[in-house]
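User: Hi! Could you walk me through how the helices pack in this one?
Analyst: Happy to, let's look at it together.

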Amino acid sequence: MIDVAANPSDAVEKALDLFGNDILRLAYSYLKSREDAEDIVQDVLIRFMQSAKSFEEEEHVKAWLLRVAANLCKDRLKSASRQREAAIPEGYDVVDEKSVPQEEDETLQKVMALPDKYRSVIHLYYYEEYSIKEIADILEKKEATIRSLLKRGREKLANMIARENKMKGDDGHAERV
C-alpha cells in the first residue's frame with residue numbers, strides 16, 4: 001500500500017524508483033524530447049504528492065501516474081507556448097549532438113514517427129505491456145477504440161517498413177538462384 005497523505009516524500013521517492021522510467025518513456029514517446037519528458041516526470045510527481053491519495057496496489061499507482069503523464073503530455077502538445085522557440089540564455093553550454101549516444105533502435109524510431117494517437121497505444125501495449133483494458137483505463141477511451149488504434153498503428157508500422165524495404169531494393173523475398 002502506498003499512502004501519499006501519510007508520508008508524501010517517501011511515497012514520491014518510491015514512485016520515482018518504481019515507475020520513473022515508465023513515466024519518462026511514455027512522456028518521451030509523446031514529446032520526442034528528453035528535456036520535455038523529464039519536465040513531465042517532475043510535474044507528475046508533484047501532482048502525485050499533492051493528490052494525498054492512498055493506493056492499495058502498486059499497479060494502481062503506476063496506472064494513475066501514467067494517466068496523469070499522458071494527460072500532461074497532451075496538454076503540453078496543445079499549448080501555444082510549445083510552438084514558440086526560446087533562445088538559449090548566455091552561460092549555458094550547448095551539447096554537441098555527436099557526443100549524445102544513439103540509443104534508439106530502428107523500431108523505436110519508427111514508432112516515434114507515428115501520429116500521437118497510435119504511438120501512445122503501441123507504446124503502452126508493447127513497451128509497457130499493458131492489456132487493452134488497462135490502456136483504455138489509462139487513456140480514458142473505450143476498449144474498442146484502443147483495439148482499433150492498435151490495429152491501425154500496426155498497419156502504419158508495416159507500411160513504413162515496407163516502404164523502407166522497397167527504397168532499399170529489398171522486396172522481402174529471398175533471392176532465387
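**Helix packing and the core**

Analyst: This is a predicted model. Helix H5 (residues 116–127) packs with helix H7 (residues 143–168) at an angle of about 100°, and their axes are 9 Å apart. That angle makes H5 roughly perpendicular to H7, because angles of 65 to 115 degrees count as such.

User: Which residues in H5 meet H7?
Analyst: On the H5 side they are Lys 117, Tyr 118, Val 121, Ile 122, Tyr 125 and Tyr 126. Their partners in H7 are Ile 146, Leu 149, Leu 150, Arg 152, Gly 153, Arg 154, Lys 156 and Leu 157.

User: And how many residues of that contact are nonpolar, polar or charged?
Analyst: The contact of H5 with H7 has 9 nonpolar, 1 polar and 4 charged residues.

User: Switching to the largest nonpolar core: which residues touch the most other members?
Analyst: Of its 46 residues, those are Ile 23, Ile 40, Val 44, Phe 48, Leu 65, Leu 124 and Leu 139. The elements giving two or more residues to this core are helix H1 (8–31), helix H2 (34–51), helix H3 (58–78), H5, helix H6 (132–139) and H7.

User: What is Leu 139 in contact with, leaving aside neighbours within four places in sequence?
Analyst: Leu 139 contacts Tyr 30, Ala 70, Lys 74, Ser 120, Val 121, Leu 124 and Ile 146.

User: One more: is Asp 22 buried or exposed?
Analyst: Asp 22, in helix H1, counts as buried because its relative accessibility is 10%, and the cut-off is under 20%. Not counting residues up to four places away in sequence, Asp 22 touches Lys 62, Leu 66 and Glu 128.

How values were computed:
Residues are numbered from 1 along each chain as its sequence is written. This is a predicted model: local features need pLDDT of at least 70, side-chain atom pairs count only at pLDDT 80 or more; totals for chains, interfaces and linings use all residues. Side-chain values use heavy atoms; hydrogens and water are left out. Axes are lines fitted to C-alpha atoms, for helices over the stretch in contact, and angles run from 0 to 180 degrees between N-to-C directions. Helices (H or I, at least four residues) and strands (E, at least two) are DSSP runs, numbered from the N terminus. Angles under 35 degrees count as roughly parallel, over 145 as roughly antiparallel, 65 to 115 as roughly perpendicular and the rest as oblique. Contact means heavy atoms within 4.5 Å. Ala, Val, Leu, Ile, Met, Phe, Trp, Tyr, Cys and Pro count as nonpolar, Asp, Glu, Lys and Arg as charged, and the others, Gly among them, as polar. A nonpolar core is a set of buried Ala, Val, Leu, Ile, Met, Phe, Trp, Tyr and Cys residues joined through side-chain atoms within 4.5 Å. Buried means under 20% relative accessible area, exposed over 50%, partly exposed in between (1.4 Å probe, protein chains only).
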